[in-house]
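Please read the points below alongside the sequence and the coordinates.

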Amino acid sequence: MSTKRTSKSTGKPGRKPGPKHKSEPKRKTGFPWRTLSAMFLVVFVLFSIGLFLYIKHEIEHRFASHKWSVPSTMYSATVPIYPGQALSMDQVERMLAIRRYQESATQTLKPGEFSVNGNTLQVNLRKFHSSSQSFPARLVQFHFEQDTITGITGSQGNVPLLELNPIELTRMYGPKRQSRILININNVSPYLINAVISIEDHLFYQHAGISLRGIARALWADLRAGRVVEGGSTITQQLVKNYFLTPQRTFKRKAIEACMALVMGTMYSKNEILEMYMNEVYMGQHGGVAIHGMGEAARSYFGRNVSDLSLDQAATLAGMIVGPNYYSPVHNPSACKDRRNVVLQHMHEYGKITAAEYQLAVAEPIRIAKNPLPIKSAPYFVDYVKTQLQNLYPPRVLQADGLNIYTTLQPDMQLAAQEAIKNGLAHLEEQYPRLKKNDPDKQLQAAMVVVQPATGAILAMVGGRNYAQSSYNRAIYAVRQPGSAIKPFEYLAALDKFTPVSWLPDEPITYDVAGQHWTPRNYDSNEYQPRVTVRHALEHSLNVPTVSLAMSTGLNKIIATLRRFGIKTPLEPVPSLALGAFGVTPLQLADAYATLDNGGQRPFLLSLKDVVSASGQVEQRRNVNLVSVTTPAKAFLITDLLEGVIKHGTGRNLKYQGIDFPCAGKTGTTNDWRDSWFAGYTTDLVAVVWVGFDNNQPTGLTGARGAATIWARFMNRVQPWINPQPFKVPPGIVQRYICDDSGELATSSCQDRHPQYFLADHVPTQYYSSESDDIVPR
Amino acid sequence: MAATDHPRSLQQPLQVWLALLMMVGALAACAPTTPVQIPPAWQSSPKSAAAAPSQKPRQILKPAPKITEQNIPAQTPSQTTSSGQPPAAVSSPPQQLASMQLVGEAQAAMSQGHIDEAINTLEQAIQVDVYNGQAFYDLALAWQSKGSQTNALQFANKAEVLFQNHPAKLKQLYLLKAQLYQALGDTAKAQAYRQKAARF
């Protein structure tokens, strides 16, 4: 204001120009540098502050909204191992191998390694988490004698029980198919930190996000080449580039990158930046999946947690950053080794490792872990669990939120089930060449469901012989006639009226079904006896007496029983119901048999156990749940009859196939041999097997010749994980000696007599008499 | 005399001790080598069996002594050592020892109020040994403390089958079932189980 006033006054004529002459030249010739500079400075500062705040906001927003897309991971159950278990050293080694443990030549073991010394197997178990517990890495010794674990010892003496880590079954990738295991910088091997810093940015802890020396060097190289040939990026700049920018090499992008790196340097500590970098960095491809981050790379290439990497492994991974696929230890081990040695050299030069360490590491060959997940991760089971997860979470959450999904699958049993189906079907095709079909769509198929009855845990599931050829899960979707495999539940429904020694007629009877005549026949239709006991009828799977029993019991009562045992498919009260002329799935049948095995308490079948968030919060938990659907006494009585099926009934050939432990079971064969079933159980597991053609063509196989042979293969393989015991006699059961000929209570005059179980409130009342000739059927 | 008196005075306690030792030895020899079985509730044999006249008079022979009617047969050793026993038993099957280890962990968790953790561990214990009655019993307790009487009752039912040869445990179990039925409003069953428990 004062300047303006001065100007006006000085413009008037007649006034002394003194001061005016002095000031005018200044106004005309002088440029307002100071003002402009000040303005420029203000604008620059404001712009810088604005840019800083904008970049800061962008970075914060990006990191706050979602740092990384981490696919959810599905795991099997942990597997308990204890002294006294009938596991040989070979079997334990195999269990370790499918969990990606590696044999070490030295006695100094890293987590994930094992060594053998005589009858002792030493393992350094990896750290792992189950749904409810964390298990630290620990060194243990397994001692063996005659294919049995005689002891397990650790640093604190005897170990009564050990849990082997679960197996990763699958990851639920998003559209980008990125695989990543997030790591915490505090858990990263110091070797890896030093290796990455040495090769990528050795002044990382000194600069503020950008390295002027590095930029100058890169600029000089770029100017000489006339184009951008060298980056000179710090780790922070690389993180910015990988996370926010395009990979194009332009000066503009470099400038933005540098600005953002500077801002980031003010926002995060060096260790935080390094952790983000190690989680983000691209580390190559595994099939169609992109490996991101050092956690995933360590697991993928070396089968190790990132905390357990050795010096040479750490240097290998650090060396891969510049060209993950070119320097891949899988695809180009020679280049990988050269690059690793360069990293080691840098580490040595910067004083991160000693000369001795350098020499040792350089001499190491490139060794990678065996192919991950050899069991191809139980694909049918995985599909089954995924369908349940889809009802709980949207796809976006499953693909990006890094959920840990724990299931009930027992991996060793799953392997046994898959092998039993594969080898069993191949053997049947070899034995009966008519079963062999060249068209993969028409091949003989099989399905198996394995359940632990006491908990309802589905331990294994196979939905077909080859998932790659057919992903149709027959175990849960194939609705097939069960044939005689359904009979035990009819006999159970009849126990209020019949005892195991009650007589049933065994002569063809014609029934009137909706105006049509129907005459059921036994499998061997030439053999009929005037009468047979209930026990004999079930053990030998006789149709005629069974229909008679069902009609006498009442078809509606039988349907109600089947419903209580978990059969959900449509059922009609017609006489053929008694012979299993309706559809069930193998899973439903396994449910029903598990109830029988579990003393009449129906277990809720579990496959999905727990879902735990990335932060460790349990989001879903399924507990063991039982519902009583019949009395323990009735369930036991049917089990006792089904033991007879295996001892001297339709399943008697199983004893020639290695089945010499207490078990019960029932064969099932449908009209024209279209379906071959076997449902068998011990005190600790139920396995149901179906064999047939998808197009319902006859197989010519009975339950005993087809499904039972696969069942036997499976049971022989899983013996180390089961402890078949005699079935426990529950309250409400009594035993009487019975005269075989009459089915009456035995006396001393009876020639052939055997003990027989009965319901306590339903016991025969008449004694055998040698003079008796008019025995009344009961 | 004095010389003979002295040994005599020594001999008397010696004889007493020898007699006592022999008695103890005899008692030990008579003791059962396997755990004593407590038979389940007596199931009376059908009175009508022998008494009821058949349509045609015939001679009813008395059962020979060795094949007299019997109730639940003697258990096999594996059954008698069901998992209700303490884990220290030398003859315990390995899976039982391992399973009881988990039961111990679960009991510790329960005592600290970590019921969910205890339930998880007990479910594992059952996986290792399906005949671990103690695990089922503790599961019943855990679910009871979570307020789910129905669930608790199911596990108690399972434990009841497995505790058949363990009267002390069976008594505890009957009392628990009485509580559960009471909580479920079934006073008649609650009373019945209290009476069953009182028999021990």
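**Notes on the predicted model**

1. Leu41(A) is exposed, because its relative accessible area is 52% and the cut-off for exposure is over 50%. The structure discussed here is a predicted model.

2. Leu41(A) is located in helix 3 of chain A, which covers residues 33-65. Leu41(A) also contributes to a nonpolar surface patch of about 680 Å². The patch is formed by Leu41(A) together with Phe40(A), Phe44(A), Val45(A), Ile49(A), Phe52(A) and Leu53(A).

3. Helix 9 of chain A, residues 270-280, is largely enclosed by the rest of the structure, because 8 of its 11 residues are buried. The buried residues of helix 9 are Lys270(A), Ile273(A), Leu274(A), Met276(A), Tyr277(A), Met278(A), Asn279(A) and Glu280(A).

4. The second largest pocket has a volume of about 1,200 Å³. Its lining comprises 43 residues. Nearest the centre of this pocket lie Tyr523(A), Asp524(A), Ser541(A), Thr669(A) and Thr702(A).

5. Which elements of chain A each supply at least two residues of the lining of the second largest pocket? They are helix 16 (411-431), strand 27 (664-669) and helix 24 (707-717). Strand 27 of chain A gives the most to this lining, with 3 residues.

Note on methods:
Residues numbered from 1 in each chain as written. Chains lettered and ligands numbered in written order. Predicted model: local features only at pLDDT ≥ 70, side-chain atom pairs only at ≥ 80, totals over all residues. Heavy atoms only, no water. 1 Å grid on protein atoms, 1.4 Å probe; cavity = no way out; pocket = protein on both sides within 12 Å on 5 of 7 lines; lining within 4 Å. Points joined across faces, edges and corners; volume = space filled by probe spheres on them. Helix = DSSP H or I, 4+ residues; strand = E, 2+ residues; numbered from the N terminus. Patch = residues over 30% accessible without salt bridge, like charges linked within 9 Å, V, L, I, M, F, W, Y side chains within 5 Å. Areas by Shrake-Rupley, 256 points an atom, 1.4 Å probe, with all protein chains shown as cover. Salt bridge = Lys/Arg side-chain N within 4 Å of Asp/Glu carboxyl O. Buried < 20%, exposed > 50% of the residue type's maximum accessible area, 1.4 Å probe, protein only.
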